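Welcome! Take a moment to look over the model below, and then we will walk through it together.

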Amino acid sequence: MSTFVFIDHIDGVITKTAGELLTIARRAGEVTAVIVGIPGDGAKAAAAINSFGANKIIAIEDSTINDHPSALVAQALADLLLEKGATTLLIPSTARGKEIAARVAVRTNSGIITDAVDVTADSIATQSIFGGSAVVHSKVSKGIAIITVRPNSVEPESQPSTCEVEVISPKLNPTKVVISNREPAKKGGRPELTEAAIVVSGGRGTNGDFAPVEALADLLGAAVGASRAATDAGWYPHSHQVGQTGKTVSPSLYIACGISGAIQHRAGMQTSKVIVAINKDPEAPIFEVTDFGVVGDLFAVLPQATSAIAARKG
Amino acid sequence: MKIAVCVKQVPDSWAEKKLNASTKLIDREGVDAVLNDLDEYAIESALQIVEANGGAEAGHSVTLISMGPERATEALRKGLSMGADDAILISDAALAGSDALATSLILAKVIQRVNPDLILCGTESTDARMSVIPSMLSERLELPQLSFAGEVNVSADQVSIKRVTDEGVDSMSAPMPVIVSVIEKINEPRYPSFKGIMAAKKKSIEVLSLADLGVSAAEVGGAGAWSLVNDFNEQAARSAGVKVVDEGAGGNALSEFLAEKRLA
């Protein structure tokens, strides 16, 4: 077994998925962490990667590698995996991670499994599908096992290591794509939706007023989600949509406010560990999946809950 | 300009889905089959690009491409009734159980046959939700890819988009031929008009087999799959827990529940 982990990072600062993937990969034995970026990114990330027990750190560095969101990274990564005889590659299941994984699968003629929530030592992937109504175990039968792993699937466990970074310069074949402008997302104080431990979501029942939803989210350090009804109405950005055609989240706690809980929404949050809902309609389907439900007006219940929690926290 | 749109027929995203115990594949029987929601945005984009550039009179056309069983013609018919000009369905018993690598291989062969200037896709299908086909097509066809477009503009032989992801918004462009995937919210897909529905009945859906594409059955379907399902089990449905009616202290009860569970 030769397991490689793709380390996601922003300017050399690793994201939470790096620790999660390294924790999973360590079960299989030797782990090679691969960070792809511009010159210097590997050195910046080394200490953080070494806190999760890598056996080897390879930095693929080139000043042009970010000139396409996925194509150049995939070229370099595929070449490395073939050269080193990798048997498994773990990549975070983000929009960009899946693009890279898809390209690497074609370039190395390998099978791909996306959105795994767990991976065994022998690369059998667990997927939770149809909104958590079925659990599937799959394995790749040709080439390298390319597996994308959902953020938040495991608790990262630290384990110190002391690898030096081996820096590699890739051979790249430029694409015809030109990026003329980048506007990085403004990072509010809130965590990223799919990575958050707690998500507070609002739906039709907010009538467009997300203030009480956001107030509770901020008190809990949570991300804010929205139902399709709320994003379709333009009340909250599309990128926050939870559900069948939006994001799938699996936090420790999911609080649904004014969301009826049609299957379309439940498919994106049903695997949350604890689900709480507030809805005026006692017959709302969301109550079929909640651990704790309050039948009531969210504009009364949420502010009261928020101030009670704030008072308790002191 | 010739535009190709890759589309898929999927089980209705509002229906409960299940896996078939013997094939370990998604059970498509007994569930309404519809045109993938997210592909409608790609079709709408294609139609808008044609309309903005002089329409069919200016020599522009939209061809739908799909792989699936015979009944997938129903999904294609919907796209035709929205206004696409014609469609190609690759249908062959040997394709059952094809994974994303096989699907992208087949779609790439058909795209080469059609030879379009612009290939449009949705970001994912609502059944498998892998979101890998546009990137795989880019690799297989060695064409530039512009993905997660929240805006698409075509001028001369250049396509420019705004890529919208959690990481931010990037302005990108590439010369045609190019593969573009569009996100939900890029537009409001039109409902087929009565006239459109009637016109679609006369439009051509060409059905191709593996032999027509020169692909052997061993390369695709369950036989050629790059990944396999070992086993699966259905999870017990979540059971409803405590439900309280707010009579003035609902928020406090919620706070106490979270404290008890050590969640807040």
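This is a predicted model: local features need pLDDT of at least 70, side-chain atom pairs count only at pLDDT 80 or more; totals for chains, interfaces and linings use all residues.

Residues are numbered from 1 along each chain as its sequence is written, and chains are lettered from A and ligands numbered from 1 in the order in which they are written.

**Chain B at a glance**

- Chain B holds seven helices and 13 strands; helices (H or I, at least four residues) and strands (E, at least two) are DSSP runs, numbered from the N terminus.
- Along the principal axes, the C-alpha atoms of chain B fill a box of roughly 65 × 45 × 40 Å.
- Chain B has 264 residues, and 47% of them count as buried; buried means that 20 or more other C-beta atoms, placed from the backbone, lie within 10 Å of the residue's own.
- Among the contacts in chain B with a separation of 6 or more, 70% are between residues 24 or more positions apart; a contact means that the two C-beta atoms, placed from the backbone, lie within 7 Å.

**The domains of chain A**

- Chain A is assigned domain 1 (3-168) and domain 2 (193-313), with bounds that come from an automatic or database domain assignment.
- The C-alpha centres of domain 1 and domain 2 of chain A are 31 Å apart.
- Eight residues of domain 1 of chain A are in contact with eight residues of domain 2 of chain A.
- On the domain 1 side, the touching residues divide into two nonpolar, four polar and two charged; Ala, Val, Leu, Ile, Met, Phe, Trp, Tyr, Cys and Pro count as nonpolar, Asp, Glu, Lys and Arg as charged, and the others, Gly among them, as polar.

**The sheet that begins with β12(A)**

- Strands of a sheet pair through backbone hydrogen bonds, either parallel or antiparallel.
- Ten strands make an open sheet with mixed pairing, in the order β12(A)-β9(B)-β8(B)-β7(B)-β10(B)-β6(B)-β1(B)-β4(B)-β5(B)-β11(B); two strands pair if DSSP finds at least two bridges between them.
- β12 (178-184) of chain A and β11 (205-208) of chain B each have a single partner strand, so one side of each is left without a neighbour in the sheet.
- β12(A) and β9 (residues 168-175) of chain B run antiparallel and are joined by six bridges, and Pro184(A) has Gly168(B) as its bridge partner in β9(B).
- β7 (residues 145-155) and β10 (residues 178-182) of chain B run parallel, joined by three bridges, and Gln145(B) is partnered with Ile179(B) in β10(B).
- β7(B) also pairs with β8 (residues 158-165) of chain B, antiparallel and over six bridges, where Val154(B) has Val159(B) as its bridge partner.
- Two residues lie between the strands of the β7(B) and β8(B) hairpin, in which Ala156(B) takes a positive phi near 50°.

**The sheet that ends with β12(B)**

- Here, too, is an open sheet of ten strands with mixed pairing, in the order β11(A)-β5(A)-β4(A)-β1(A)-β6(A)-β10(A)-β7(A)-β8(A)-β9(A)-β12(B).
- Its edge strands, β11 (165-168) of chain A and β12 of chain B, each pair on one side only.
- β9 (residues 134-140) of chain A runs antiparallel to β12 (residues 227-234) of chain B, with seven bridges joining them, and Val136(A) stands opposite Phe232(B).
- β5 (residues 56-61) of chain A pairs with β11(A) in the parallel sense over four bridges, with Ile57(A) opposite Val165(A).

**Nonpolar cores**

- The largest nonpolar core has 126 residues, and Val5(A), Leu77(A), Val5(B) and Val180(B) are among those that touch the most other members; such a core is a set of buried Ala, Val, Leu, Ile, Met, Phe, Trp, Tyr and Cys residues joined through C-beta atoms within 7 Å.
- Helix α3 (residues 71-84) of chain A gives this core its largest share, nine residues.
- Another core, of 48 residues, lies apart from it and includes Ala229(A) and Phe287(A).

**Where the chains meet**

- What does each chain bring to the contact between chain A and chain B? 68 residues of chain B are in contact with 75 residues of chain A.
- Helix α7 (residues 250-260) of chain B gives the most to the chain B side, with nine residues.
- That chain B side divides into 31 nonpolar, 20 polar and 17 charged residues.

Methods. A residue is buried if 20 or more other C-beta atoms lie within 10 Å of its own, exposed if 12 or fewer, and partly exposed in between; C-beta atoms are placed from the backbone.
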